[in-house]
Amino acid sequence: MLRNGPGVRQLRANLARLGAAALVREGMRSYARYWCETFRLTAADAPRIVAATTVTNRAPFDEALDAGHGLIIALSHSGNWDAAGVWLIETLRRRGLDPVFTTVGQRLRPESVYRRFVAHRVALGFEMVEEGVYRALLRRLRSGGVVCVLADRDVLGASVDVTLLGEPARLPSGPARLAALTGAA
């Protein structure tokens, strides 16, 4: 049952750190909205998404792309990643750069849902990596490309201890390791 699944329990624990446990219901409502918006999205929506997106503190992003040493975009589980991906592809295209980024999708159950997500994201222009993930991410970065990875949840068990909102938490080390190995921003 979604109401008591592991994702909902983690959301409750995270929001409790903020004293905002009452937001769980709204968080789940937002997640349902994400699913609906995601599967309505097409690559043809790119101009509308770019026009409707406000980017703050864009200078580090532009500087990293100008340097051509690769760029790692470490995302949290918030907002619509697919819309952000469409924005990124169109932004790269408008700059005359390779309009592709590489990312990884966490396996979902049932497998048919996972396959649908992968197919949808590939149709949007994402490069989805399923096997040889670390090598594929390194290859993309070493060629000066862009990698997007979620960085707020330890899925693979390769994380580091940090302090989050005054409490201990474990966050993935992958984005920092990729940057250290490739020189990517």
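Strands β5 and β6 form a hairpin with two residues between them, and Leu-165 in the turn has a positive phi of about 55 degrees. Here helices (H or I, at least four residues) and strands (E, at least two) are DSSP runs numbered from the N terminus, and two strands are taken to pair if DSSP finds at least two bridges between them. The model is a predicted one, in which local features need pLDDT of at least 70 and side-chain atom pairs count only at pLDDT 80 or more, whereas totals for chains, interfaces and linings use all residues. Residues are numbered from 1 along each chain as its sequence is written, and side-chain values use heavy atoms, with hydrogens and water left out.

The pairing of β5 with β6 is antiparallel and runs over six bridges, with Thr-163 standing opposite Pro-168 in β6. Leu-165 belongs to the loop between β5 (159–164) and β6 (167–172), and together with Leu-18 and Leu-164 it makes a nonpolar surface patch of about 270 Å². Such patches are made of residues with over 30% relative accessible area and no salt bridge, like charges being joined within 9 Å and nonpolar side chains (Val, Leu, Ile, Met, Phe, Trp, Tyr) within 5 Å; the accessible areas come from the Shrake-Rupley method with a 1.4 Å probe, and for residues only the protein chains shown count as cover.

A separate description applies to the open sheet of four strands, which has the order β1-β4-β2-β3 with parallel pairing. Because β1 (71–75) and β3 (127–129) stand at the edges with a single partner strand each, one side of each is left without a neighbour in the sheet. Neighbouring strands of this sheet are turned by 25 degrees against each other on average, direction ignored. Helix α5 (residues 81–94) packs on the sheet, where it touches β1, β2 and β4, and its direction makes about 170 degrees with that of β4. Contact means heavy atoms within 4.5 Å, while axes are lines fitted to C-alpha atoms, for helices over the stretch in contact, with angles running from 0 to 180 degrees between N-to-C directions.

Within the sheet, three bridges join β2 (residues 101–104) to the parallel strand β4 (residues 146–150); Phe-101 has Val-146 as its bridge partner in β4, and Thr-103 stands opposite Cys-148 in β4. Strand β2 also pairs with β3 in the parallel sense over three bridges, and Thr-102 has Glu-127 of β3 as its bridge partner.

The structure holds 15 salt bridges, each defined as a side-chain nitrogen of Lys or Arg within 4 Å of a carboxyl oxygen of Asp or Glu. One of them links Arg-121 with Asp-82, the closest N and O atoms being 2.6 Å apart. Since Arg-121 lies in helix α6 (residues 111–124) and Asp-82 in helix α5, the pair ties together parts that are 39 residues apart in sequence.

Overall, the protein chain has eight helices and six strands.
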